[in-house]
Amino acid sequence: MVLIKKMQVPGYEQVVEGIDESSGLHCFVAIHNTSLGPALGGVRIYPYNSSQDALNDVLRLAKGMTYKSAVITNGLGGGKSVIIADPHKEKSKALLYAFAEVLNALEGKYIAAEDVGSSIEDMNVLHEKTHYVAASASKNSSGDPSRFTAWGVYRGLQAVAKKLWGERSLDGKTIAIQGLGNVGAKLADILFWEGAELILTDKDEHKLQELSWLYGARAVAPANIMDIPCDIFCPCALGAILNEETIPQLRCLAIAGAANNQLRVPEDGVALLKRNILYAPDYVINSGGIINAAAEYNEGGYDPKASRDKVDHIFETLSLIFERSEKEHQSTSLIADELAESHLKNLVGKRTTPIIFH
């Protein structure tokens, strides 16, 4: 029996902690805001140093999901979950079944999906015990979201190119990708065929060398990626990498990548503006995955072509943010937040039909 403890956190609709000693489950689920629809967000499985670190992460990520869904008007709210475990050593079917009990207790207010440390296969396991799962491999589901996230980042990179150089082409531009997971690797492939010059890094040395050879890219150690001269730095790993220590090191014209919560604190967006580094707000440029997952709940069912076409609008959304930032002399991260908050306040994109869970 999973012990589920409710927590009171100001500014959040619901936060719960789940513990099951027999399976080793220790998790947190945060539901930030559901004014536009049920919360959808990934299940992050990660060996946090402490429970407080895990709680801090899930709260930050859940709020980011609220803003992401609000900006892209997908009729969903913001939530996230984290499981404190090493996904390579401690993840098991028993642990996922126990987590499914937590999802069932929330009765559809939060819908789980793939994230760092979890996979489509894990979503399939969860789906055996709960209906509150998106992006599984079931016939009614959208499957692996990473190709849509990668395509959305590519469209965001085109918006950056258009702003900096007056054309969308990335041919000949030097792009440094930090992290070669599901999204980073797919993005590298797209950019290779686009003609970009790639600089790659990843903690997995074998993967780094393999993809560097495949794409004729320059491989660098993870510790060196932040101060590599490049046109665009593309963070595709974990968050909080843009901060008062790292921003002075940057030698790029723009930052545009798939990682969540890239800014450690909001003031870091201002620091980038002062350095004249164009920043594509993370929850806008990386929204392709949730656009695709949300499409499962469209009237008429999931259609990958409709998802693709909506992901393409990331280009226009970022272009609008860039123009407003320049006109108003405000950071792009602040402009994105204002856009999300306006949508929340005015219920723009609010879901009008209930979700039917399969």
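1. Before anything else: you are looking at a predicted model, where local features need pLDDT of at least 70, side-chain atom pairs count only at pLDDT 80 or more, and totals for chains, interfaces and linings use all residues. Residues are numbered from 1 along each chain as its sequence is written, and side-chain values use heavy atoms, with hydrogens and water left out.

2. Overall build. The chain has 12 helices and 12 strands; these are DSSP runs numbered from the N terminus, with helices being H or I of at least four residues and strands being E of at least two. With a radius of gyration of 19 Å, close to the 21 Å that the globule rule gives for 358 residues, the chain is as compact as a globular protein of that length. (That radius is taken over C-alpha atoms, and the rule is 2.2 Å times the number of residues to the power 0.38.) Along the principal axes, the C-alpha atoms fill a box of roughly 55 × 45 × 40 Å.

3. The mixed sheet. Start with the open sheet of six strands ordered β1-β2-β3-β5-β4-β6, whose pairing is mixed. Pairing here asks for at least two DSSP bridges between two strands. At the edges sit β1 (3-7) and β6 (110-113), each pairing on one side only. On average, neighbouring strands of this sheet are turned by 25° against each other, direction ignored. β1 and β2 (residues 14-20) run antiparallel and are joined by five bridges; in this pair methionine 7 stands opposite valine 15 in β2.

4. Touching means contact, that is, heavy atoms within 4.5 Å. Axes are lines fitted to C-alpha atoms, for helices over the stretch in contact, and angles run from 0 to 180 degrees between N-to-C directions.

5. α2 with α3. Helix α2 (residues 93-105) also meets helix α3 (residues 120-127), at an angle of about 60° and with the axes 9 Å apart. That makes α2 oblique to α3: angles under 35 degrees count as roughly parallel, over 145 as roughly antiparallel, 65 to 115 as roughly perpendicular and the rest as oblique. The crossing is right-handed, the word for a near helix turned clockwise from the far one by less than a right angle, with anticlockwise being left-handed. Lys93, Leu96, Tyr97, Phe99, Ala100 and Leu103 of α2 make the contact with Asp122, Val125 and Leu126 of α3. By class that is seven nonpolar, no polar and two charged residues. (Ala, Val, Leu, Ile, Met, Phe, Trp, Tyr, Cys and Pro count as nonpolar, Asp, Glu, Lys and Arg as charged, and the others, Gly among them, as polar.)

6. The parallel sheet. Another open sheet of six strands runs β9-β8-β7-β10-β11-β12, with parallel pairing. Its edge strands are β9 (218-219) and β12 (278-279), each pairing on one side only. Take β10 (residues 232-235) and β11 (residues 254-255): they run parallel and are joined by two bridges, and isoleucine 232 stands opposite alanine 254 in β11.

7. α4 lies across β10, β11 and β12, at about 160° to β10. α5 lies across β7 (174-178), β8 (197-201) and β10, at about 165° to β7.

8. α4 with α5. How do these helices cross? The axes of α4 (residues 146-165) and α5 (residues 182-194) come within 8 Å and cross at roughly 50°, so they are oblique to each other. Their crossing is right-handed. Among the residues that meet are Trp151, Val153 and Tyr154 in α4 and Leu187, Ile190 and Leu191 in α5. The contact has nine nonpolar, three polar and three charged residues.

9. α4 with α11. α4 also packs with helix α11 (residues 314-328), at about 35° and with the axes 8 Å apart. This crossing is right-handed. Contact residues include Arg155, Lys162 and Lys163 of α4 and Glu316, Glu323 and Glu326 of α11. By class the contact has six nonpolar, four polar and six charged residues.
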